[in-house]
Amino acid sequence: MNFIHDSKINAKFKKPFFLALSLLILGSCFTTFAQKSYTIVIDAGHGGKDPGNLGNGYKEKNIALKVALLVGKELNKNQDINVLYTRDTDVFIDLWKRGDIANTAKADLFVSIHCDSHTSNAYGAGTFVLGLRGNKKNLEIAKRENSAILLEDNYQERYKGFDANSVESVIGLSLLQEENLDKSLEIASLIQNNFTVKLKRNDRKVKQDNFQVLRETIMPSVLVELGFLTNTYEGRYLNSQKGQQQMGTSIADAIVNYVSNLKMNTILEEVTNENSSNSIKEAIEFKVQIASGKNEIALKSYNFKGLKNVQRVKVGSYYKYYYGVTVSFNEAQTSLSIAKKKGYKTAFMVAFKNGEKVSVKEVNKMP
């Protein structure tokens, strides 16, 4: 029997054959990329002379460390994940050094673990990513976590112009991390979902704010507030072996899922590039990001200081607002200048290739 020339039989077997072939190729790619090691830096907040908050007599630094070590233990079960700790004992580590450890290791992800406190009976878990601004409640959390700066040697020079108790300094944002915001929101959402769906913890949502430890990193980064030590029930839970194991496992599971997504995206991108190697490359699209937040703002010029043709894109539960969409880098520079003159002092340029965000510096040799 000739499978090639028998049309009826060939039609019967064509789809299964090509499906099997496609899976074989994809499986081959997966095997290749699965060998890549993903470096995850786990940061236990506070430590040493900085105990963190002391709600109900518990020490934040101790709970953060125990959970961080549990996260690392779970992640180390995966051959393609390499775990680094900013500290694995009770020592004080400067905030800048925590970021430096991750940057030097060229880490794929930075996760900082903390416990919250409040004068009320507040409770629940929350996850933060770096953001342009925060509300008053988030601002107080950021100020409290950033206060560790004052315990560092020579902090005046290291953080020149930064005042941990100044609203202006806390709101000021280093834009270096902004390009990683999408991925930061992705891992933050995975962690928060595990807390609230799997563990039934009170959902304090994924939020954006200006934590100094996140400003120091140049990769996707999140800061986790496990819960409130000042809440009698939650403090007892977080200080227990059961609570720490559950919270640590939830964080680790989210990171494993995040890494799996990274691997799959890498595979699909490589397969796409291979299949389109002889095709015409799509143009790079430049935009100027002028704002980001949870509010859905009507795209009227009067809402954007007179700027017209503003584009709104939803990423998770956040909205990004872009001005001056163009394929011309020079036109984008002009749009950036216009946006800043209009008062958007923190506006910056972003680039997209085939709908995916890419580094502006990579596509244009910027000084």
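**The sheet**

I started with the open sheet: 5 strands in the order E8-E9-E7-E10-E11, with antiparallel pairing. This is a predicted model, so I'm reading everything below as such. Which strands sit at the edges? I find E8 and E11 there, each pairing on one side only.

Next I went along E10, residues 348-353. Is this strand enclosed or open? I get 5 of its 6 residues as buried, so E10 is largely enclosed by the rest of the structure.

On the E7 side, I see antiparallel pairing between E7 and E10 over 6 bridges.

For Phe-352, I find Lys-357 as the bridge partner in E11. Ala-351 stands opposite Val-358 in E11. The hairpin of E10 and E11 has 2 residues between the strands, and I noted that Asn-354 in this hairpin takes a positive phi near 55°.

**Helices lying on the sheet**

Helix H11 (residues 329-341) lies across E7, E9 and E10, and runs at about 20° to E7. Helix H7 (residues 181-198) lies across E7, E8, E9 (318-326) and E11. I have H7 running at about 160° to E9.

**Aromatic pairs**

How many aromatic pairs turn up in the whole structure? My search gives 4. I followed up two of them.

The pair of Phe-128 and Phe-211 is edge-to-face, at 5.0 Å centre to centre with 75° between the planes. Phe-128 is in strand E4 (residues 125-130) and Phe-211 in the loop between E5 and helix H8 (212-215), so this pair ties together parts that are 83 residues apart in sequence. Buried or exposed? Phe-128 comes out buried with a relative accessible area of 3%, and Phe-211 is buried too, at 1%.

My other pair brings me back to the sheet. The ring centres of Tyr-322 and Phe-352 are 6.0 Å apart and the planes are at 85°, so I logged this pair as edge-to-face. Tyr-322 is in strand E9 and Phe-352 in strand E10, 30 residues apart, and the pair links distant parts of the chain. Tyr-322 is buried at 3% relative accessible area. Phe-352 is at 11%, which also counts as buried because the cut-off is under 20%.

**Lysines over rings**

Which lysine lies over the face of Tyr-322? I found Lys-287 there, at 4.8 Å from the ring centre.

**Nonpolar cores**

I looked up the largest nonpolar core next, and it has 43 residues. The ones with the most contacts inside this core are Ile-42, Ile-113, Leu-226, Ile-251 and Ile-255. Which helix gives the largest share? I get H10 (residues 241-275), with 8 residues. Apart from this core lies another, of 13 residues, including Val-288, Tyr-321, Tyr-323 and Leu-336.

I took Leu-226 for a closer look. Leaving aside neighbours within four places in sequence, I find Leu-226 in contact with residues including Ile-63, Val-67, Ile-113, Phe-195, Leu-238, Met-247 and Ile-251. His-114, Cys-115, Gly-124 and Ala-125 are also among the contacts of Leu-226.

General reminder: nonpolar side chains tend to be buried together in soluble globular proteins.

**Positive phi**

Most residues other than glycine have a negative phi, so I wrote down the exceptions I came across.

Lys-205 has a positive phi near 70°. I place Lys-205 in strand E5 (residues 203-209), and its relative accessibility of 44% makes it partly exposed.

Lys-305 also has a positive phi, about 55°. Where is Lys-305? I find it in the loop between strand E7 (284-293) and strand E8 (311-315). Lys-305 is partly exposed, at 42% relative accessible area.

Notes: Residues are numbered from 1 along each chain as its sequence is written. This is a predicted model: local features need pLDDT of at least 70, side-chain atom pairs count only at pLDDT 80 or more; totals for chains, interfaces and linings use all residues. Side-chain values use heavy atoms; hydrogens and water are left out. Helices (H or I, at least four residues) and strands (E, at least two) are DSSP runs, numbered from the N terminus. Buried means under 20% relative accessible area, exposed over 50%, partly exposed in between (1.4 Å probe, protein chains only). Two strands pair if DSSP finds at least two bridges between them. A nonpolar core is a set of buried Ala, Val, Leu, Ile, Met, Phe, Trp, Tyr and Cys residues joined through side-chain atoms within 4.5 Å. Contact means heavy atoms within 4.5 Å. Axes are lines fitted to C-alpha atoms, for helices over the stretch in contact, and angles run from 0 to 180 degrees between N-to-C directions. Rings of Phe, Tyr and Trp (its six-membered ring) pair if their centres lie within 6.5 Å; planes under 30 degrees apart count as stacked, over 60 as edge-to-face and the rest as tilted. A charge sits over a ring if NZ of Lys or CZ of Arg is within 6 Å of the ring centre and within 35 degrees of the ring normal.
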